[in-house]
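Take a look at the sequence and the model first.

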Amino acid sequence: KEALVSGIKKGVDQVSKPDGYFKDVAIKILMPEEAQKVEQTLRKIGMDKQVDEAIEAMNRAAEDAAREATDIFLLAIKSMTFEDALNILRGEQNAATQYLNKTTRDTLTNKFQPIISVSLDKVNATKYWETIMSKYNKVPFVKKMNPDLEVYVTEKALDGLFYQIAKQEAEIRTNPGARTTDLLKKVFSK
């Protein structure tokens with residue numbers, strides 16, 4: 001449980017700071033797959049700035065929402081059984097992350113989505129999204145699009161959060177220097 005708390009705090013701190021998503025190539029939220037053609041078309045007609053602003057705004061929304069994850073994770077850890085803890089200890093490199101994903105993803109989705117919605121509005125992502133979608137939809141002979149931005153950003157934000165937690169978990173499991181307490185040193189030295 002101590003290792004989970006340590007990994008969670010580092011992972012959440014990493015993604016919730018400014019540029020936590022935006023400047024991390026591994027988790028940066030890009031345009032949805034179905035909108036990448038939209039992005040390419042808009043860039044061809046000189047709308048790079050608007051597309052870049054929309055991408056940055058999606059990442060800022062994820063950074064805002066990530067701050068709310070810690071309490072949900074801590075509740076899941078408190079609810080963990082001894083058997084759960086043993087399975088995590090003896091499990092794969094990302095067993096703790098898998099456990100947290102399984103036990104918290106729905107709760108996190110419900111918590112993140114309204115925050116992301118407000119944040120997308122706050123940083124004008126919704127406006128940018130509507131602008132680029134309306135411009136794209138005016139281009140002759142293109143398939144009209146409007147994927148749900150809130151759902152997409154929420155899913156990508158959670159994927160990035162769990163990616164960071166898995167990194168922290170692997171670090172604790174494999175790097176003795178990452179075991180910052182006597183208990184972690186004792187448990188993971190075996």
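Q: What should I know about the numbering and the model before I start?
A: This is a predicted model, where local features need pLDDT of at least 70, side-chain atom pairs count only at pLDDT 80 or more, and totals for chains, interfaces and linings use all residues. Residues are numbered from 1 along each chain as its sequence is written, and side-chain values use heavy atoms, with hydrogens and water left out.

Q: How many helices and strands does the chain have?
A: Helices (H or I, at least four residues) and strands (E, at least two) are DSSP runs, numbered from the N terminus. Here the chain has 9 helices and 0 strands, giving the pattern α-α-α-α-α-α-α-α-α along the sequence. The C-alpha trace spans about 65 × 30 × 25 Å along its principal axes.

Q: What share of the chain's residues count as buried?
A: Buried means under 20% relative accessible area, exposed over 50%, and partly exposed in between (1.4 Å probe, protein chains only). By that rule, 46% of the 190 residues of the chain are buried.

Q: Which residues is Leu 42 in contact with, leaving aside its neighbours within four places in sequence?
A: Contact means heavy atoms within 4.5 Å. For Leu 42, the partners are Met 47, Val 51, Ile 132, Lys 135 and Tyr 136. Leu 42 and Tyr 136 are 94 residues apart in sequence, yet their C-alpha atoms are 6.6 Å apart in space. Across the chain, 80% of the contacts between residues at least 6 apart in sequence join residues at least 24 apart.

Q: Which residues have the most contacts inside the largest nonpolar core?
A: In soluble globular proteins, nonpolar side chains tend to be buried together. A nonpolar core is a set of buried Ala, Val, Leu, Ile, Met, Phe, Trp, Tyr and Cys residues joined through side-chain atoms within 4.5 Å. The largest one here has 52 residues, and Phe 73 and Leu 100 have the most contacts inside it. Among the elements that give two or more residues to this core are α1 (2-16), α3 (48-66) and α6 (95-122). Helix α3 gives the most, with 9 residues. Not counting residues up to four places away in sequence, Leu 100 touches Leu 4, Ile 8, Phe 73, Ala 76, Ile 77, Arg 105, Phe 162 and Ile 165.

Q: How many aromatic pairs are there?
A: A pair of aromatic rings is described by the distance of the centres and the angle of the planes. Rings of Phe, Tyr and Trp (its six-membered ring) pair if their centres lie within 6.5 Å; planes under 30 degrees apart count as stacked, over 60 as edge-to-face and the rest as tilted. The count by this rule is 1 aromatic pair. The ring centres of Phe 73 and Phe 162 are 5.8 Å apart and the planes are at 75 degrees, so this pair is edge-to-face. It links distant parts of the chain, with Phe 73 in helix α4 and Phe 162 in helix α8, 89 residues apart. Both Phe 73 and Phe 162 are buried.

Q: Where is Asp 19 found, and what is its phi?
A: Most residues other than glycine have a negative phi, and most peptide bonds are trans. Asp 19 is found in the loop between α1 and α2, and its phi is near 70 degrees, a positive value in a residue other than glycine. Asp 19 counts as partly exposed, at 25% relative accessibility. Asp 24 is placed in the loop between α1 and α2 as well, and is buried at 15%. Leaving aside neighbours within four places in sequence, Asp 24 is in contact with Asp 19 and Gln 164.
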